Amino acid sequence: MARVYNFSAGPAVLPQEVLEEAAAEMLDYKGTGMSVMEMSHRSKAYQSIIDEAEKDLRELMHIPDNYKVLFLQGGASQQFAMIPMNLMKNGTADYIITGQWAKKAYEEAKKYGKVNAVASSADKTFSYIPDCSNLPISQDADYVYICENNTIYGTKFHQLPNTKGKTLVADVSSCFLSEPVDVTRYGVIYGGVQKNIGPAGVVIVIIREDLITDDVLEGTPTMLKYKTHADHGSMYNTPPAYGIYICGKVFKWLKKMGGLEAMKQRNERKAKILYDYLDESKLFHGTVEKKDRSLMNVPFVTGDTELDAKFVKEAEEAGFVNLKGHRTVGGMRASIYNAMPVEGVEKLVEFMKKFEQENI
């Protein structure tokens, strides 16, 4: 069967050459006579895999030496608790609510201290990013939290909030490695890899060293302390070994493609093709304020739920899968991550134009 164009929000499309490489190494990784899936995480062969993955990620993102890179489990959702457990020294944090995942993180953090919602776009179904240039940041806030790209609603912080000197913590799950980033502007930058980097089961946390201490909330489990993982090179327990191996291959693919500058240009080109069509279409329209549009996740609707359902069904039959929108927005959503080829977006737009002619 031919491969489809997979517009899933995650787990999502991976580069075909990465999958082919992994397939070629499935039974014998570099002469070891075994698969990485079977390999001891304490072996020299595996240590070189995780070391090289970290080295390549540091090069791609220009991660400074005073930041640790941790390969963890539990997904982004486990970070919703780990962050307050490790960072709430004063017992206060400020959250900017721009979608479901920021809201979930905010609700989880409330279990551990005083949490303030200093801005929100809930009033318009999270279809925009609020002005964050002069927020009422709490004087004793331990950190300010954002979800930088909102997978469900298709919005993106194109300007980071003014945190007034407080540590910025960002969930970047759905825009990870899609464009260059100045890591020094964050205290913690983290994301689940299953959207832009690898298979589900790995979360990468990039954290400034001064935030890694034993001074955590009382009762914090050993496994939920950043220091535990930083002190053991992400090897305190058995890591998600195969997932990290695939991430490492994707990092190499990104370097080969020209790095994050090249990816940004490619992603902007793909997004422009789709947004330009949505802006001129008489049938389809986007749901996000133009200035806040994501390069990665593009929600759109016809305004008619039956027609939306018909489009999703016919698109799937034509080889464009996972276009159904999230239930809180309805309609459709095309996730066009790094590994989605330009031709995939071009062909989707061709199909949308044909559907529009037939249904208007």
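Predicted model: local features only at pLDDT ≥ 70, side-chain atom pairs only at ≥ 80, totals over all residues.

Reader: What partner does Lys-252 have in a salt bridge, and how far apart are the closest N and O atoms?
Author: For a salt bridge, you look for a side-chain nitrogen of Lys or Arg within 4 Å of a carboxyl oxygen of Asp or Glu. Here the partner is Asp-56, and the closest N and O atoms are 2.5 Å apart. The two sit in distant parts of the chain: Asp-56 belongs to helix α2 (residues 44-61) and Lys-252 to helix α6 (residues 241-256), 196 residues apart.

Reader: Is Asp-56 buried or exposed?
Author: Asp-56 is buried, because its relative accessible area is 1%.

Reader: How many salt bridges does the structure hold?
Author: It holds 24. Glu-314 and Lys-310 form one, with closest N and O atoms 4.0 Å apart. They are four residues apart in helix α8 (residues 305-317), so about one helical turn separates them. Glu-314 is partly exposed at 24%, and Lys-310 is partly exposed at 35%.

Reader: Which residue forms a salt bridge with Lys-354?
Author: That's Glu-358, with the closest N and O atoms 3.4 Å apart. Both lie in helix α9 (residues 342-359), four residues apart, or about one turn of the helix. Lys-354 is partly exposed, with a relative accessible area of 45%.

Reader: Now the backbone. Which peptide bond is cis, with omega near -10°?
Author: To spot one, check the omega angle of the bond. The bond from Gly-10 to Pro-11 is the cis one. Pro-11 lies in the loop between β1 (5-6) and α1 (16-24).

Reader: And phi? Where is His-62, which has a positive phi although it is not a glycine?
Author: His-62 has a phi of about 55°, and its place is in the loop between α2 and β2 (67-72). It is exposed, with a relative accessible area of 66%. Asn-322 is another non-glycine with a positive phi, about 60°. It sits in the loop between β13 (320-321) and β14 (332-335) and is partly exposed at 43%.

Reader: What is Asp-292 in contact with, leaving aside its neighbours within four places in sequence?
Author: Skipping sequence neighbours shows you which other stretches of chain a residue meets. Asp-292 touches Tyr-128, Ile-129, Gly-154, Thr-155, Lys-156 and His-158. It is in the loop between β11 (285-286) and β12 (297-301), and it counts as buried because its relative accessibility is 7%.

Reader: Last one: what does the secondary structure of the whole chain come to?
Author: Nine helices and 14 strands. The radius of gyration is 21 Å, close to the 21 Å that the globule rule gives for 360 residues, so the chain is as compact as a globular protein of that length. Of those 360 residues, 58% count as buried.

Note on methods
Residues numbered from 1 in each chain as written. Heavy atoms only, no water. Buried < 20%, exposed > 50% of the residue type's maximum accessible area, 1.4 Å probe, protein only. Contact = heavy atoms within 4.5 Å. Rg over C-alpha atoms; globule rule 2.2 N^0.38 Å.
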